[in-house]
Structures are given as C-alpha cells and as structure tokens.
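Here is a short briefing for a reader new to this structure. Look over the sequence and the model first, then read on.

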Amino acid sequence: VNDFILRRMNTLNSQHLPPKLVQVVSCNLTEIQQNMYQHLVTSKDLQHVLDGKQVNCLSSIQMLMKLCNHPRLVAEEDSSAKHSGGGRRAASKKISYCDEEKSSAAPGADGVSKFLPYEASSGRGGMNTPVRPEWSGKMFVLYRLMREMRKPGNGNDKIVIISNYTQTLDLIGKMCRENS
C-alpha cells in the first residue's frame, strides 16, 4: 500500500489526472462524533471563541474540521488523556521552565477522549489500535467506497484523496494497510 500513497500538491495532480468528477455526499456524524461535538461547543474555551472573547479562533475551527474527519484526530489533542492513560511511562518527568504549565491541546479538547470506546488492547487509543472507520461518518463512507471499488468485476478504478491534514491522510493510509 505504501507504494500507492503519494503526497502531491493540487497543481501537480491536475496536470496528470483526467478531469475530476465531483460528487457531493452528505455524511452524518456518528454518535461518538455528535457527543464530542456537543462537548466541544459547550466547553468554556469554545464559548469564549463564539462570544468573540478570543481573537485566535483558527485552532477551534480546525479541531471541529478534524472531528468531522475522524474522532481519533481530536482525541489525540486531549492532553488530559495523555497524562492519565493506563500503563507506566519510564522517565516521564516533565521539566517546566515557566511558572504556569500551558496545555498544548486545542481550546476545548481536554476530556474529549472519554467519548471514544475503550480499546482493550492498549487503552483508549494509540498507534497500535485499529482505525475504526465506523466511528466517523466520512471515514465509513470512504471505507465502504474503497471496498466496493476493490470487488472483482468493478474495473480498475483508482481514487485520489485530498486533505488539508496529513494526520487524516496518515489515518486513511493506516486504514488501507489494515484492510489491504
């Protein structure tokens, strides 16, 4: 699968591909995504953005866009899950050079990982856990589309997936490797 995963700019794609066929498919949020969305939009941090009290709202918008792609992309930004996860971490002492330790999570992302089902193999998530396309409306539609394309007799169609987030492409690549 790695031989077929390429990262190219849109201008390069347009030079080497036939004219694109655009079909708009509406994908509903899964229950996991809906619960995370409710948690995010009702968080104090996101309320500050919505009320105009915070100037930089780009990270909040990006977080909601990532949630639409797959809930695991937002759960990775949950700093509360990184510090309270199961398992021991050797040499996990953190040195802070400032008085206050700031969270690296996007505004409102703290606590979202609790909405993901527990994965018995390695806690809530991580590199060894499967992608779980059924957790995302978009990812599940893509998964089903790609499976249908690979059925015998459906021709030799190819698909180009474009995303603004390399994390999303990495997740799709992992899904492809898991379901080769």
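Leaving aside neighbours within four places in sequence, Thr30 is in contact with Glu134, Trp135, Ser136 and Gly137. The model behind this briefing is predicted. Thr30 sits in the loop between α1 (10-16) and α2 (31-41).

**Thr30 and its contacts**
- Thr30 has a relative accessibility of 15%. Buried means under 20%, so Thr30 counts as buried.
- The side chain of Thr30 also reaches the backbone oxygen of Trp135, at 2.6 Å.

**Overall make-up**
- The protein has eight helices and zero strands.
- From the N terminus on, the order of elements is α-α-α-α-α-α-α-α.
- The protein has 180 residues, and buried residues make up 30% of them.
- Take the contacts between residues at least 6 apart in sequence: 73% of them join residues at least 24 apart.
- The accessible surface comes to about 13100 Å². Carbon and sulfur atoms account for 53% of that surface.

**Helix α2 and His39**
- Which residues of α2 are buried? They are Ile32, Gln33, Met36, His39, Leu40 and Val41.
- The cover over these buried residues of α2 includes α3 (44-50), α4, α5 and α7.
- His39 is located in helix α2.
- Beyond its neighbours within four places in sequence, His39 is in contact with Gly108, Asp110, Gly111, Val112, Lys114 and Phe115.
- His39 and Val112 are 73 residues apart along the chain. Their C-alpha atoms are separated by 7.0 Å.

**Helix α7 and Tyr143**
- Tyr143 belongs to helix α7, which covers residues 137-149.
- Is Tyr143 buried or exposed? Tyr143 is buried, because its relative accessible area is 16% and the cut-off for buried is under 20%.
- Not counting residues up to four places away in sequence, Tyr143 touches Pro133, Met175 and Asn179.
- The side chains of Tyr143 and Arg147 are joined by a polar contact of 2.9 Å.
- An α-helix has 3.6 residues a turn, so residues three or four places apart point the same way.
- Tyr143 and Cys176 are 33 residues apart in sequence. In space, they are 8.5 Å apart, C-alpha to C-alpha.

**Helix α8**
- Helix α8 covers residues 166-178.
- How does the span of α8 compare with what its length predicts, and what is that span? The helix has 13 residues, and at 1.5 Å a residue it should span 18 Å. The expected span uses one less than the number of residues. The end C-alpha atoms of α8 are 18 Å apart, so the two values agree.
- The buried residues in α8 are Thr168, Leu171, Ile172, Gly173, Lys174 and Met175.
- These buried residues of α8 pack against α4 (58-69), α5 (71-75) and α7.
- Met175, one of the buried residues of α8, is also among the residues that Tyr143 touches.

**The salt bridge**
- How many salt bridges does the structure hold? The structure holds one.
- Glu148 forms a salt bridge with Lys151. Their closest N and O atoms are 3.2 Å apart.
- Glu148 has a relative accessibility of 41%, so it counts as partly exposed.
- Lys151 also counts as partly exposed, at 44% relative accessibility.

**A nonpolar patch on the surface**
- Which residues form a nonpolar patch on the surface? Leu17, Val160 and Ile162 do.
- Together, these three residues have about 280 Å² of accessible area.
- Ile162 is found in the loop between α7 and α8.
- Exposed means over 50% relative accessible area, and Ile162 has 59%, so Ile162 is exposed.

- Arg132 is not a glycine, yet it has a positive phi of about 60°.
- Where is Arg132? Arg132 lies in the loop between α6 (79-84) and α7.
- Arg132 is partly exposed, with a relative accessible area of 30%.

Definitions and conventions. Residues numbered from 1 in each chain as written. Predicted model: local features only at pLDDT ≥ 70, side-chain atom pairs only at ≥ 80, totals over all residues. Heavy atoms only, no water. Helix = DSSP H or I, 4+ residues; strand = E, 2+ residues; numbered from the N terminus. Buried < 20%, exposed > 50% of the residue type's maximum accessible area, 1.4 Å probe, protein only. Contact = heavy atoms within 4.5 Å. Areas by Shrake-Rupley, 256 points an atom, 1.4 Å probe, with all protein chains shown as cover. Patch = residues over 30% accessible without salt bridge, like charges linked within 9 Å, V, L, I, M, F, W, Y side chains within 5 Å. Salt bridge = Lys/Arg side-chain N within 4 Å of Asp/Glu carboxyl O. Polar contact = N/O pair within 3.5 Å; in protein donor to acceptor, adjacent residues only side chain to side chain.
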